[in-house]
Amino acid sequence: MNPIVGKVFLVLCGSLLVAGAPNTCGKLDLKTDPFTCCTIPKLLDVTIVSSCFEKFPIDKDAADKGAASMPKTECMSECILNSTGIYNRRGDVDEKKLNSVFTDSLPANSPWLNVVRKAIKECTAKADKKDKEFQKDVADQKKTTPKGTQVCNPEASFLVDCIHTTVFSDCPTNLRSTSTECDAIWNFLKNCPFSALRQ
């Protein structure tokens, strides 16, 4: 995996909210990087991701400390959705384009095709349910953000994070590493969100 894409994916996944996770989802004592347990395919154009990462670099330290400024993953993710055409001119998700962007790089016989399609379906349904929450967040940001500062929709980050983490969590059994630590990770993910691995 391209180092920038890997770093972006890791931070995006780590930025997902753990709200609603069962109490048993405390941090695992991992010695294994979860990404060695399943290598997911590149779902987004590396050039676009790299370009958006350069425009909106992720300040992981600021995000970890709960900085007052908006997490940079929102603007970077919105840049990706705009650059790929997933967001149309009105800023709405073009579901047809969303599906093609995330699946076009996969061969027709790829074991990942159904996994990715399922993740897109699940994540767009979840995003639709959170639409009012996203709108409120944008409105609140506009009130509190200094004039001239870009306000980005958290829906973009949610979709990019959700699709990648769902794909990882649903890694086909025959493509999973079966080490003891990876088995612990797969068991953990049956009940807990991926982001809980990175608390």
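**Note on the helix packing of a predicted model**

1. Helix H7 (residues 131-144) and helix H8 (residues 154-169) have axes that come within 9 Å and cross at roughly 135 degrees. That angle makes H7 oblique to H8, oblique being what is left after under 35 degrees (roughly parallel), over 145 (roughly antiparallel) and 65 to 115 (roughly perpendicular). Axes are lines fitted to C-alpha atoms, for helices over the stretch in contact, with angles from 0 to 180 degrees between N-to-C directions.

2. This is a predicted model, in which local features need pLDDT of at least 70 and side-chain atom pairs pLDDT 80 or more, while totals for chains, interfaces and linings use all residues. Residues are numbered from 1 along each chain as its sequence is written, and side-chain values use heavy atoms, without hydrogens and water.

3. On the H7 side, Phe 134, Asp 137, Val 138 and Gln 141 meet Pro 154, Glu 155 and Phe 158 of H8 (contact: heavy atoms within 4.5 Å). By class, this contact has four nonpolar, one polar and two charged residues.

4. The chain has nine helices and zero strands; helices are DSSP runs of H or I with at least four residues, strands runs of E with at least two. Of the contacts with a separation of 6 or more, 74% are between residues 24 or more positions apart.

5. Ser 77 lies in helix H4 (residues 72-84). Ser 77 counts as buried because its relative accessibility is 0% (buried: under 20% relative accessible area, 1.4 Å probe, protein chains only). Its side chain reaches the backbone oxygen of Thr 73 at 2.8 Å. In the chain of 199 residues, 42% are buried.

Technical notes. Nonpolar A, V, L, I, M, F, W, Y, C, P; charged D, E, K, R; others polar. Buried < 20%, exposed > 50% of the residue type's maximum accessible area, 1.4 Å probe, protein only. Polar contact = N/O pair within 3.5 Å; in protein donor to acceptor, adjacent residues only side chain to side chain.
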